Amino acid sequence: QQVSILLERLEQEDLPEALCLFDEGWHQGVVGLVASRVKDAVHRPVIAFAPESDGGDLLKGSARSVKGLHIRDVLALVDSRQPGLVNAFGGHAMAAGLAIDRGNLVEFEAALSEAVTLQLGGAVLTEEIRTDGELGAGDFTLDTALEIERFGPWGQRFPEPLFDGRFDVVDRRIVGGSHLKMIVKPLGGGPEIDAIAFNRLPENLPAAGPARFLYRLGINRFRGAESLQLLVEHIIL
């Protein structure tokens with residue numbers, strides 16, 4: 001819930017090249033999750049900090065980056081340009097951990113943005129999404145979803161198939177405060193299907209009408225029954 005509120009606030013802001021986030025109430029065990037979720041939403045490198053101890057002067061951070069920006073190299077650049085600003089750091093291209101003094105947070109945030117700008121060298125971070133293409137009308141079945149599930153488990157190096165298609169939105173409503181529940185029908189032909197987009201509330205999605213989705217075939221299991229459900233990851237209008 002806190003992350004959802006944070007994302008709503010960030011949507012209203014002009015975001016820098018890299019984000020530094022800190023909350024006194026965060027625990028070290030959650031900052032990696034916070035950084036990862038915000039990074040996915042804003043497509044920028046994100047470092048989330050939490051106090052090492054209640055009221056302590058040391059902040060522990062977890063960094064997550066995007067394709068095209070090596071986050072450990074960025075931290076190394078900050079360290080070489082301003083020795084002592086970072087107490088310790090380590091990691092790899094996409095994730096890293098670090099520690100800084102609480103009093104250095106504002107200075108570190110500025111140094112991080114400068115280092116990211118230098119590291120990019122004028123390049124622009126763009127989000128690249130690869131899909132497995134469109135499904136035919138006959139593929140929208142529970143059997144297809146079950147077959148995909150049987151090929152799992154899926155992971156970062158073996159991602160679950162992501163499909164691209166245009167649908168007619170027959171009905172939509174908000175559930176759980178931040179999730180978009182829909183009934184859709186493939187424009188190329190096929191049955192009406194339940195669909196859900198978690199934490200996706202596009203303001204300009206029509207109550208009914210065509211939209212393009214990037215989605216996965218999911219299975220809704222409820223009270224012993226199984227049915228096909230689209231898990232919508234991106235809505236493109």
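I started with strand β8 (residues 193-197) and found it mostly covered, with four of its five residues buried. Buried here means under 20% relative accessible area, exposed over 50%, and partly exposed in between, using a 1.4 Å probe and protein chains only. Helices (H or I, at least four residues) and strands (E, at least two) are DSSP runs, numbered from the N terminus.

A note on the source: this is a predicted model, where local features need pLDDT of at least 70, side-chain atom pairs count only at pLDDT 80 or more, and totals for chains, interfaces and linings use all residues. Residues are numbered from 1 along each chain as its sequence is written, and side-chain values use heavy atoms, with hydrogens and water left out.

Next I looked up the partners of β8. Two strands pair if DSSP finds at least two bridges between them. Strand β7 (residues 179-186) runs antiparallel to β8, and five bridges join them. Leu180 stands opposite Ala197 in β8. β7 and β8 form a hairpin with six residues between them, and Gly189 in the turn has a positive phi of about 110 degrees. With strand β10 (residues 225-236), β8 pairs in the parallel sense over three bridges; there I found Ile196 opposite Leu231.

Then I followed the sheet around. What order do the strands of the closed barrel run in? I read β6-β7-β8-β10-β9, five strands with mixed pairing. Strand β9 (residues 209-222) and β10 run antiparallel, joined by eleven bridges. Phe213 has Ile235 in β10 as its bridge partner. Helix α5 (residues 142-150) packs on the sheet and touches β6 (163-175), β9 and β10. Contact means heavy atoms within 4.5 Å.

Last, the helices. Helix α3 (residues 71-81) packs with helix α4 (residues 105-120) at an angle of about 115 degrees, their axes 9 Å apart. Axes are lines fitted to C-alpha atoms, for helices over the stretch in contact, and angles run from 0 to 180 degrees between N-to-C directions. Among the residues making the contact I noted Val74 and Leu77 of α3 and Phe108 and Leu112 of α4.

Which residues of α3 are buried? I found Ile71, Val74, Leu75 and Val78. They lie on the same side of α3 because they cover an arc of only 95 degrees around the axis, the arc being that of the directions from the helix axis to the C-beta atoms. The buried residues of α3 pack against β2 (46-51), β3 (58-64), β4 (88-91), β5 (95-101) and α4.
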